[in-house]
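Reader: Please take a close look at the aromatic rings of this structure and at the charges placed over them. I would also ask that each term be given its cut-offs.

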Amino acid sequence: MSRFGPRGLRRRYAASPPRSLWRRLLDYGLAVLVLGLLILVAARLDRFETRKEQGTAIVNDGDSMTLAAERIRMRGIDAPEYQQTCQKAGADYPCGKLARQSLVRLIAGRPVSCSGWQRDRYGRLLGDCRAGDTDLNRAQVQAGWAVAFGDFETEEAAARAAKAGIWAGIFAVPQDWRDSHHDAPVERKHGMLASFGDALREIFHFW
């Protein structure tokens, strides 16, 4: 006899009991649910296609414009609202209008191209915009006429250190200004988490 037991001894396994009807129905239901989700995702993929618009820009304020019939909200930045005022040397000045003028100067009459796939709650395309070789989103923050709003934190820090644009005085963060003016548009940050949330909403947007 082997020290490990009788020669040829094999371990026996009991047969698994058959799955209950409810377990089978649950498995089928989960399979149908997963299949349905895959079909839904495939049907919604076209919503993530990047849109590109280009042409002569009509500048609305320091971070939005219109190209042809497409309204563009510049992604990752937030400029003072057109009617917003700031303070410098103890006096109010129209920083919102100056922010718009800054964007007009950056464009310098050149054709503008914007691309993006997200939209804000007002239906505007969240775009990365260029005029020639100028990255308009980045340049507005560098010039000090927009704050970082989900992107361009390094450019904002440099503008703040140089006291450029609105950083030369005192101002209300555009989001805070809008919160105190209830008739002003409500904006959301355009960072990574916001983009992920928008993607989920697009996938599960049934209506």
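Author: A charge is said to sit over a ring if NZ of Lys or CZ of Arg is within 6 Å of the ring centre and within 35 degrees of the ring normal. This is a predicted model, in which local features need pLDDT of at least 70 and side-chain atom pairs count only at pLDDT 80 or more, whereas totals for chains, interfaces and linings use all residues. Residues are numbered from 1 along each chain as its sequence is written, and side-chain values use heavy atoms, with hydrogens and water left out.

Lys88 lies over the face of Tyr93, at 5.1 Å from the ring centre. Arg160 likewise has its charged end over a ring, that of Trp167, 4.8 Å from the centre.

Trp167 counts as buried because its relative accessibility is 17%, and Phe171 counts as buried because its value is 18%. Buried means under 20% relative accessible area, exposed over 50%, and partly exposed in between (1.4 Å probe, protein chains only).

Gln84 is found in the loop between strand E5 (77-78) and strand E6 (86-88); strands (E, at least two residues) and helices (H or I, at least four) are DSSP runs, numbered from the N terminus. Leaving aside residues up to four places away in sequence, Gln84 touches Pro94, Cys95, Gly96, Ala172, Pro174 and Trp177. Gln84 is buried because its relative accessible area is 1%.

Trp22 and Tyr28, together with Leu21 and Leu25, form a nonpolar patch of about 530 Å² of accessible area. Such areas come from the Shrake-Rupley method with a 1.4 Å probe, and for residues only the protein chains shown count as cover. Leu25, found in helix H1 (residues 21-44), counts as partly exposed because its relative accessibility is 45%.

As background to these sites, buried residues make up 38% of the 207 residues in the chain.

Terms used: Patches are made of residues with over 30% relative accessible area and no salt bridge: like charges are joined within 9 Å, nonpolar side chains (Val, Leu, Ile, Met, Phe, Trp, Tyr) within 5 Å. A salt bridge is a side-chain nitrogen of Lys or Arg within 4 Å of a carboxyl oxygen of Asp or Glu. Contact means heavy atoms within 4.5 Å.
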